[in-house]
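Okay, everyone, thanks for coming. Let me put the sequence and the model up, and then I'll walk you through a few spots.

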Amino acid sequence: SVASDDQKFCLTEVLDTFKLCLSENKEVYLEHYVAGWRGLVKFLNSLGSVFGFISKDAVNKIQVLVNYLNGENGSQYVTVQSMVKYELDNELVDLTKRGSHPESGCRTLLRLHRALRWLELFLERLRTSTEDSKTSVMCAESYNESLALYHPWVVRKAAGMAFCVLPGRPAFFEVMNVGPPEQVVAMLGEALPLISEVYQITEELYAQHLLLDLP
Ligand code: 1PZ
């Protein structure tokens, strides 16, 4: 049926959207960035409803950015670079504490950007893992080195509980729907440098404009 076709997807396609993110002069297209996250959320949902509180937050943030993209100033949101310039020039960002712009594009994207670092760390562990590696451990280690640094105790606790019910490595690879483990490893080897580049470019842009701690 159409519904089940819709459910069945391959993680390669998702990670490929991150390839489309970079323009020739290395700017990050917001449209593709958001599309990449949409695919990841779909993947997360296919792992089970325990991850609902995570995907819900991601969906909210994706929606905030999509609304800007489709809004009357959408042309200012074509790339992350143009978004940062536009929002800063027009004082549309709460820089030190939350105030009149609690959902700026800049602070919203920063949350996804930090999550992209988690993804990079996790996929790298997955790529170099062996048959007896535990996805829950790889996930928790990646989280502790990245996103957890920005999360309060209660969120860390809930995330830790969710990681425990992640399927084991064989089932996890199955859900990725990429093919046999060797193929998963090869696909990750191709996708990771791109994800890493998108992350680095965004990180440097945010660092340059002192935006890495936006409330
Ligand atoms: C495959 C296993 C998936 C594990 C995903 C690991 C990430 C765990 C993140 C748990 C946080 C969820 C609750 C939301 C917290 C929000 O408070 C924060 C900060 O936003 P603010 O409150 O400042 O508006 N949100 C985030 O940090 C964004 C989290 C996005 C996570 C997306 C994960 C997508 C996973 C893809 C799976 C391949």
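Let's begin with Asn177, which counts as partly exposed because it has 15 C-beta neighbours inside 10 Å. The cut-offs go like this: with C-beta atoms placed from the backbone, 20 or more other C-beta atoms within 10 Å of a residue's own means buried, 12 or fewer means exposed, and in between is partly exposed. Asn177 sits in the loop between H9 and helix H10 (181-208). Its phi is near 60°, a positive value in a residue other than glycine. When I say helix or strand, I mean DSSP runs numbered from the N terminus: H or I with at least four residues for helices, E with at least two for strands.

Two bits of housekeeping. This is a predicted model, so local features need pLDDT of at least 70 and side-chain atom pairs count only at pLDDT 80 or more, while totals for chains, interfaces and linings use all residues. Residues are numbered from 1 along each chain as its sequence is written.

Now, over to another loop, the one between H2 and H3, where we find Lys26. Lys26 also has a phi near 60°, again a positive value in a residue that isn't glycine. Is Lys26 buried or exposed? Exposed, because it has 12 other C-beta atoms within 10 Å.

Val28 lies in the loop between helix H2 (11-17) and H3 too. Val28 counts as buried, because there are 24 C-beta neighbours inside 10 Å. Which residues does Val28 touch, not counting those up to four places away in sequence? They are Cys21, Leu22, Tyr33, Thr79, Val80, Val198, Ile201 and Thr202. By the way, two residues are in contact if their C-beta atoms, placed from the backbone, lie within 7 Å. As for Glu124, 96 residues from Val28 along the chain, the two C-alpha atoms are separated by 22 Å.

Next up is Gly39, in helix H3. Gly39 is partly exposed, because it has 19 other C-beta atoms within 10 Å. Leaving aside neighbours within four places in sequence, its contacts are Glu13, Val14 and Thr17. Take Val14: Gly39 and Val14 are 25 residues apart in sequence, yet 5.3 Å apart in space, C-alpha to C-alpha.

So what about the ligand? There are 17 residues around it, and Leu40, Asp57, Ala58, Arg111 and Ala115 come nearest. Near here means that the C-beta atom, placed from the backbone, lies within 6 Å of the molecule or strand. The elements giving two or more residues to that shell are helix H3 (30-45), helix H4 (52-70), helix H6 (105-127), helix H7 (135-145) and helix H8 (153-164). Which one gives the most? That's H4, with 4 residues. By class, the shell has 15 nonpolar, no polar and 2 charged residues. For those classes, Ala, Val, Leu, Ile, Met, Phe, Trp, Tyr, Cys and Pro count as nonpolar, Asp, Glu, Lys and Arg as charged, and the others, Gly among them, as polar.

Two packed helices are described by the angle between their axes and the distance between the axes. Axes are lines fitted to C-alpha atoms, for helices over the stretch in contact, and angles run from 0 to 180 degrees between N-to-C directions.

H4 and H6 pack at about 140°, with their axes 9 Å apart. That makes H4 oblique to H6, where under 35 degrees is roughly parallel, over 145 roughly antiparallel, 65 to 115 roughly perpendicular and the rest oblique. On the H4 side we have Lys61, Val64, Leu65 and Tyr68, and they meet Gly105, Thr108, Leu109, Arg111 and Leu112 in H6. This contact has 5 nonpolar, 2 polar and 2 charged residues.

Last stop, H7. Its buried residues are Thr135, Met138, Cys139, Ala140, Ser142 and Tyr143. What covers them includes H6, H8 and helix H9 (169-176). The axes of H7 and H8 come within 8 Å and cross at roughly 155°, and these two helices are therefore roughly antiparallel to each other. Ser136, Cys139, Ala140 and Tyr143 in H7 meet Ala159, Gly160, Phe163 and Cys164 in H8. That contact is 6 nonpolar, 2 polar and no charged residues.

That's all from me, thanks!
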